[in-house]
Amino acid sequence: MFETALTFNDLLFLAKGAGMTLAVTAVSVAAGTVMGVIFGVIRAQFGPYWSAPLTFVLDIFRSVPLLIQLVLANAFQAIAKFGWEPFTTSCVVLSLYTAAYCTEIVRGGIDAVPMTTRRAARSLGLTWAQDMGYIVAPLATRVSLPAWIGLTLGVMKDSALVLWLGLTELLKSSQILVTRLQEPLFILVICGAIYFLISFPIARYGGYLERRWSPDD
Amino acid sequence: MIEIENLRKSFGPLEVLKGINLTVANGEVVTIIGGSGSGKSTLLACINGLEAINAGSIKIDGVEVHAKATNINKLRQNVGIVFQQWNAFPHLTVLENVMLAPRKVLGMAKLEAEEIATKHLVHVGLGDKIGVYPSRLSGGQQQRMAIARALAMQPKYMLFDEVTSALDPQLVGEVLDTLKMLATEGMTMICVTHEMAFARDVSNRVAFFHQGVVAEIGSAEQIFGSPQNPETQKFLSGIR
Amino acid sequence: MLNYTFHWNQAIKALPQMLEGALVTLEIAILSMAIGLICAIGLVLCRQSGNRILGGFATVWVEVARNTPALFQIYMAHFGLGNFGIHLSPYTALLAGITFNNAGYLAENFRGALKAIPETQPRAARSLGLTSLQAFRYVVVPQMLRVAFLPMTNQMVWAILMTSLGVTVGMNMDLAGVTQELNARSFRTFEFFAFAAVIFYLLTKAVTLAARVIAARLFRY
């Protein structure tokens, strides 16, 4: 029937790789989101002119290939003798990368809250912080969530690049198996299927949320 | 000649046209009046095949519109329609809007199509706007462009679906004047309208639609002067 | 502080080589966008056709392109096709992978753009006697391209950034590949890649600016 040299241990090996992918993604998205929220609030609060320096710096992370960012970060930490492991370097770079995109998403969410609503809150005596916490945050989160889900999935897919720094994530694990077993198509299809099975349902859910929460029709 | 026999049309469970019988002779101007939802716009959409029908027949010059063998694109070259919302093509200039169909459907050369388009645009009073994009025109001007666009195909029949209803009051006059001009030139027209004065002045016959059927039809004097059907009387007294 | 002397001279001397690589990068990006665009319109037509096989094929392409890493797609082109006896060069594999990715994302952008065009537009075109295909081509697609223009620009920027993935399959002619070769020979990793980063930044900014100018001229309405 269907001959393959793939063993159960090999599948476990792939699963470990997937675990590494998810670990890098989770850490980076968490750190990146925190930074993104802070920067997003700053951008929304100070407007385009005053936050221009911040925008400029963050824009760099979106205009230089991720692979080059990883190489540069790795080279720099070697020069500066930080002694970072590849995992650390990868997470730092991916976090900043996530933060750059997340800032825009958060800013967009905050801007989507009508000024009239916020003025009403302040007129009732709420402080700026209370306005942000009780009025803006829930509304902005609703608007931003689909885009943030998209960003998370994007980071997960981009995390494949950390193989360049030597981390054995899912794609690298697949490559190792291919070299050993010489069944490139079969193994890559399994690899792709794993990515697909993680990404597709979450993407669909994000799309569903976007439709459900969209104000039209 | 347009012959409509026993036309029935439903949208799902809702029957909108419940057996329409109407014949429009060459050169005639027939106006259709009636309340909202009585099926007037749907009738026009059925005549040029934009909507499918459930029963009955529509024959244009003997050709059954909804027969499978009918070349609907060819048929539409003969039946022009102008919609309430003019539906200008925003990415084309006024001239290009009018030129598109003659070039792509009739296969006209660019220069010839330009000539014809310009002629019709001048005819409706838009001679000085030919290089402009529709977004820069008023509603009335866009509607007149839509009329020129339909006329450029030199159809035998023209359908007008409440073409002034979406216009600011001061722009209605220029469009109605264009329609009057077409009528005096002998175009066969079916107009759905709420403009009673226009209907009275221009029509050969007026049809009153009520609940999906032609409740009453006659000359303009008959319908406006001495309506027989109580529903017609109710409608007209409500309008005044 | 930093016990390291930066040797920028080597990087400066290598600049002409890197700029040549940048041209190759642009070439790949433009080609992948052009072919990807044609494929994307094809995919849109497949989905519009109502034919289940064509529609299914298009959906599979789009969903795979959007739910798997671009690097994976390039790997598939380079390693995966080996099973079928097809051995693509690094250049071709990179181009194929990025094109596949572009087509998928662009098709999805077009789908969203098409939804934004009111049904009344093709209706008006059909009323004038244009066939379905003519209405689509002359009335719907031009308007769709305007709505989709910003996402298309973003995809072009992505394409430029994605070319850097070529180094993983042995590509040495584009900007990242050239930089990597220089790096392997001299180990001045930071200096060379810093220059490459600046060139990439300038490339993407140039593309964004050009797009804005093109949009202003093309969409004057």
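How much area is buried between chain B and chain C, and what percentage of it do carbon and sulfur atoms give?

## The interface of chain B and chain C

In this predicted model, the area buried between chain B and chain C is about 2,000 Å², and carbon and sulfur atoms give 61% of that area. On the side of chain B, Phe89(B), His91(B) and Lys104(B) supply 27% of the area that this chain buries against chain C, more than any other three residues. The contact draws 24 residues from chain B and 18 residues from chain C.

Across the interface of chain B and chain C there is one salt bridge, formed by Glu51(B) with Arg123(C), whose closest N and O atoms are 2.9 Å apart. Polar contacts across the interface of chain B and chain C are found for seven residue pairs, counting pairs in which both residues have pLDDT 80 or more. Helix H2 (72-76), strand E6, helix H3 (94-104) and helix H5 of chain B each supply at least two residues of the side that touches chain C. By class, this side of chain B divides into 14 nonpolar, five polar and five charged residues.

## The interface of chain C and chain A

Two pairs of chains touch, and the most contacts among them are between chains A and C. Here the contact takes 35 residues from chain C and 38 residues from chain A, and the two chains bury about 3,300 Å² between them, with 77% of this area on carbon and sulfur atoms. Within chain C, the residues that lose the most area to chain A are Asn67(C), Tyr75(C) and Tyr201(C), which together account for 18% of what that side buries.

The count of salt bridges between chain C and chain A is one; in this bridge Asp59(A) pairs with Lys205(C), the closest N and O atoms being 2.4 Å apart. Six residue pairs are in polar contact across the interface of chain C and chain A, again with both residues at pLDDT 80 or more. Four helices of chain C, namely H3 (52-67), H4 (70-78), H8 (149-162) and H10 (189-218), each supply at least two residues of the side that touches chain A, and the largest share of that side, ten residues, comes from H10(C). The side of chain C that touches chain A has 23 nonpolar, nine polar and three charged residues.

## Chain C and the arrangement of the chains

Chain C has ten helices and zero strands, and its C-alpha atoms fill a box of roughly 75 × 45 × 30 Å along the principal axes. Chain C has contacts with chain A and with chain B, whereas no contact joins chain A and chain B, whose closest C-alpha atoms lie 20 Å apart.

## The second largest pocket

The second largest pocket has a volume of about 530 Å³. Among the 20 residues that line this pocket, those closest to its centre are Gln48(C), Glu119(C), Pro122(C), Phe136(C) and Val140(C). The elements that give two or more residues to the lining are helices H2 (15-48), H5 (90-115), H6 (120-127) and H7 (132-147) of chain C, and H7(C) gives the most, with five residues. By class, the lining of the second largest pocket divides into twelve nonpolar, two polar and six charged residues.

## The largest cavity

A search of the whole structure finds five cavities of 30 Å³ or more, and the largest cavity holds about 60 Å³ of space. Residues of two chains line the largest cavity: from chain B come Ile81(B), Val82(B), Phe83(B), Trp86(B), Ala146(B), Arg149(B) and Ala150(B), and from chain C come Ala124(C), Ser127(C) and Leu128(C).

The elements that give two or more residues to the lining of the largest cavity are strand E6 (79-82) and helix H5 (139-151) of chain B, together with H6 of chain C. Of these, H5(B) gives the most, with three residues. The lining of the largest cavity has eight nonpolar residues, one polar residue and one charged residue.

Definitions and conventions:
Residues are numbered from 1 along each chain as its sequence is written. Chains are lettered from A and ligands numbered from 1 in the order in which they are written. This is a predicted model: local features need pLDDT of at least 70, side-chain atom pairs count only at pLDDT 80 or more; totals for chains, interfaces and linings use all residues. Side-chain values use heavy atoms; hydrogens and water are left out. Contact means heavy atoms within 4.5 Å. Buried area is the accessible area (1.4 Å probe) that two parts lose on being put together, summed over both. A salt bridge is a side-chain nitrogen of Lys or Arg within 4 Å of a carboxyl oxygen of Asp or Glu. A polar contact is a pair of N or O atoms within 3.5 Å; within protein, one must be able to donate a hydrogen and the other to accept it, and residues adjacent in sequence count only if both atoms are side-chain atoms. Ala, Val, Leu, Ile, Met, Phe, Trp, Tyr, Cys and Pro count as nonpolar, Asp, Glu, Lys and Arg as charged, and the others, Gly among them, as polar. On a 1 Å grid over the protein atoms alone, a cavity is a set of points where a 1.4 Å probe fits but cannot get out, and a pocket is an open set with protein on both sides within 12 Å along at least five of seven lines; lining residues have an atom within 4 Å of a point. Grid points are joined across faces, edges and corners, and a volume is the space filled by probe spheres set on the points.
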